[in-house]
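Please find below a colleague's note on the model under review. The sequence and coordinates come before the comments.

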Amino acid sequence: MNPTARNDLDFQALMGDVRPLTRGRDRADTGRSARSPSEAQLARRESAAAELEGHGFLSDDFVDLVPPFDPLDYRRDGIQQGVVDRLRHGGYAAQARLHLLRRPLEECRRCLPPFIHEAYAHDLRSVLIVHGRGQTIDSPPNVLRSYLAKWLTQFPEVQAFVSAQPADGGLGATWVLLRKSERARADNRERQQKRRG
């Protein structure tokens, strides 16, 4: 007897008196038909939507890793190089600080949008974000620092960012320049008009 025939006999012996279900009765009865979502499901959906709204545009997908000794440097079109140089050399006081050192990436992703939005809402212009980096020449690239460089460009409030000077944290910290809010612009115009007479 060949192995295929033996397998068939074994299968038939195991199945014994099992008969196929008749058509129409070949599905399990779950008891209820599909109905609207429960309150708990709706609450979970609402919570997930709110979380996505807060930082959904900040992707944790692929990022080009920034080597540990390469400075971060970014400015939007229209921002003068002199402003970026002044930011780099600590010419603007840190009006707020965010410490992300040794925090998980997902937590940093959650913390960054409220920090930037709140700083902007309170008319802050320069903030310092401390994120850390490798200390030795052969250190692997800092993943958080790399994501931060990607994320900051996605905020319309961010005009420029640069790595800090050693006194402010060096390559382990980043200065961020935020654009003026409409309220701050209006105040500035009013001051200029008063000065002119």
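The numbered points that follow cover the basis of the model, a helix, the sheet and the nonpolar cores.

1. The model is predicted: local features need pLDDT of at least 70 and side-chain atom pairs count only at pLDDT 80 or more, whereas totals for chains, interfaces and linings use all residues. Residues are numbered from 1 along each chain as its sequence is written, and side-chain values use heavy atoms, with hydrogens and water left out.

2. Helices (H or I, at least four residues) and strands (E, at least two) are DSSP runs numbered from the N terminus. Just after helix 1, Gly16 adopts a positive phi of about 50°.

3. Five strands form an open sheet with mixed pairing, in the order 1-4-5-3-2; strands count as paired if DSSP finds at least two bridges between them. Strand 1 (73-75) and strand 2 (96-99) are the edge strands, each pairing on one side only. From one strand to the next, the twist averages 20°. Axes are lines fitted to C-alpha atoms, for helices over the stretch in contact, and angles run from 0 to 180 degrees between N-to-C directions.

4. Strand 1 runs antiparallel to strand 4 (residues 158-163), with three bridges joining them; Arg75 stands opposite Ala160 in strand 4. Helix 5 (residues 143-152) packs on the sheet, touching strand 3, strand 4 and strand 5, and its direction makes about 155° with that of strand 4. Contact means heavy atoms within 4.5 Å.

5. Strand 2 pairs with strand 3 in the parallel sense over four bridges, and His99 stands opposite Val130 in strand 3. The chain passes from strand 2 through helix 4 to strand 3 in a right-handed β-α-β crossover (clockwise from the first strand over the helix to the second, with the strands pointing away from the viewer).

6. The largest nonpolar core has 25 residues, of which Leu112, Ile116, Ile129, Leu152, Val158 and Val176 touch the most other members. Such a core is a set of buried Ala, Val, Leu, Ile, Met, Phe, Trp, Tyr and Cys residues joined through side-chain atoms within 4.5 Å, where buried means under 20% relative accessible area (1.4 Å probe, protein chains only). Helix 5 gives the most to this core, with six residues. Apart from this core lies another, of eleven residues, among them Ile79, Leu128, Val130 and Trp175.

Conventions. Buried < 20%, exposed > 50% of the residue type's maximum accessible area, 1.4 Å probe, protein only.
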